Amino acid sequence: MQSSPRFHYIDNLRSLALLLGVVFHAALAYGPYFSNIWFTADPTNHVAFDYFAIWSHLFRMPLFFVIAGFCAALLISKRGGTGFITNRLKRVLLPFVVFFPLTMLVLFHALGWGAEIAHEKPALFTVFQSVKEPIISTMHLWFLWNLTQFCLLFWLLQMHASLYQSILAVIVRPAFLLVALPILLTVALYQQLVPFPAPDKLYPELWSYGFYGVLFLVGAGLYHHHIRVEQYAHNFIPLLTIACLSLVPYFYLMPPSPSLEAIIRAANTGVTTPEHIDIYVVIAQSIAIVAWTGVAFLAGYKWLNQFSQLNKYLSDASYWIYLIHVPVLMYIQFPLSNTTLSPWLKMLVAVSATMALGLLSYQLLVRHTLIGVLLNGKRVKTARSQQQATPVS
């Protein structure tokens with residue numbers, strides 16, 4: 001049996017997107033837009049961090065789900081439906097079950113510790129004191145929980161081969177990606193805040209199915225019809241132009257940051273739907289999501305489709321860093337908030353220290369242990385003959 005080709009750009013994009021999460025979450029502390037809604041909001045800030053966070057938010061998680069769908073279709077092609085769902089339950093659901101309670105405990109400790117040492121407490125602490133009932137959130141691990149749900153539905157879909165193939169063939173056509181996809185995303189995101197929030201509840205949030213679930217199917221379709229990726233790559237510059245232009249109306253129409261009163265009200269009532277929804281900003285957001293996600297995916301295909309030992313190591317380490325980075329950032333950013341350093345230097349220290357601690361702990365505590373097997377499976381040496389990926393249609 002001929003082995004499947006290795007799509008190195010998918011591995012590299014996945015690790016870069018995971019690591020971008022460290023930069024994104026660090027930046028939330030230093031932008032005034034998020035000062036009322038982020039744990040470690042710093043009294044010194046700069047609007048540039050807002051623009052970076054809002055821009056990267058457009059494509060970082062959407063790209064994750066496109067990649068996840070791509071890998072899901074690849075796994076089904078290689079191992080069949082049973083092998084696919086067994087793998088996903090072991091690599092996605094089980095880490096969520098193990099790390100969700102651990103992360104919550106560490107997060108609570110970090111918040112308590114931060115409340116004691118911070119000279120100027122972030123506004124979010126006022127929300128915590130005003131909440132009548134505890135808020136249950138899957139935190140940044142919501143990705144694993146939502147991905148598990150999508151994988152279960154995808155497993156059921158692949159049992160109906162003709163429907164499976166028909167949907168994936170349609171969903172990667174230009175008309176769908178350029179017209180139908182932005183419309184579907186607009187409908188899914190219409191009742192949500194802008195920028196769109198994380199579907200972090202333990203119960204299924206149906207709007208995320210119409211948003212991230214559709215993008216998951218797009219990724220699966222791109223695996224089965226990979227020739228489309230090569231075709232779309234020829235239009236990279238026009239797509240990049242559209243993506244850049246889409247930021248103009250999106251940033252112009254961006255609603256103001258939610259007030260502390262609105263956040264407290266939402267925390268106590270559970271109602272997060274904004275009182276006034278501007279359909280134009282939702283449309284602008286949807287177009288920008290599609291364009292920038294496409295740009296990121298095609299950039300990976302064009303320039304990241306090669307193997308290196310460093311990329312492989314970062315790809316292996318990125319899962320662990322994703323799991324631990326938010327609490328680690330909190331332990332670093334709370335003491336930094338007491339200093340008079342510039343937000344630029346604080347950002348550099350926070351990201352560098354978190355990455356260093358993440359890589360060091362991965363090497364010493366994870367890579368050669370059962371945790372490493374849980375997250376990445378048993379490590380095998382990569383043959384030189386497998387280093388160049390060959391696209392399949």
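## The main core

The largest nonpolar core takes in 131 residues, and the ones with the most contacts inside it are Phe 154, Phe 211 and Phe 297. Helix H3 (residues 60-117) supplies the largest share of this core, at 24 residues. Keep in mind that this is a predicted model.

Let's zoom in on Phe 154. Skipping its neighbours within four places in sequence, Phe 154 touches Ala 72, Ala 73, Ile 76 and Phe 84, plus Tyr 164, Phe 216, Leu 217 and Ala 220.

## Where H1 meets H2

Helix H1 (residues 8-27) packs against helix H2 (residues 47-57) at an angle of about 140°, and their axes sit 9 Å apart. That angle is why H1 counts as oblique to H2: the cut-off for roughly antiparallel is over 145 degrees. The crossing of the two, H1 and H2, is left-handed.

Who does the touching? On the H1 side, the contact is made by Leu 20, Val 23, Phe 24 and Ala 27. H2 brings Phe 49, Phe 52, Ala 53, Ser 56 and His 57. Sorted by type, the residues of this H1 and H2 contact come out as seven nonpolar, two polar and no charged.

## Asp 316

Asp 316 is found in helix H13 (residues 309-336). Is Asp 316 buried or exposed? Its relative accessibility is 10%, so Asp 316 counts as buried, given that the cut-off for buried is under 20%.

As for its surroundings, leaving aside neighbours within four places in sequence, Asp 316 is in contact with Tyr 362, Arg 367, Asn 376 and Arg 379.

How values were computed. Residues numbered from 1 in each chain as written. Predicted model: local features only at pLDDT ≥ 70, side-chain atom pairs only at ≥ 80, totals over all residues. Heavy atoms only, no water. Helix = DSSP H or I, 4+ residues; strand = E, 2+ residues; numbered from the N terminus. Buried < 20%, exposed > 50% of the residue type's maximum accessible area, 1.4 Å probe, protein only. Contact = heavy atoms within 4.5 Å. Core = buried A, V, L, I, M, F, W, Y, C linked by side-chain atoms within 4.5 Å. Axes fitted to C-alpha atoms, helices over the stretch in contact; angles between N-to-C directions. Parallel < 35°, antiparallel > 145°, perpendicular 65-115°, else oblique. Left-handed = near helix turned anticlockwise from the far one by under 90°. Nonpolar A, V, L, I, M, F, W, Y, C, P; charged D, E, K, R; others polar.
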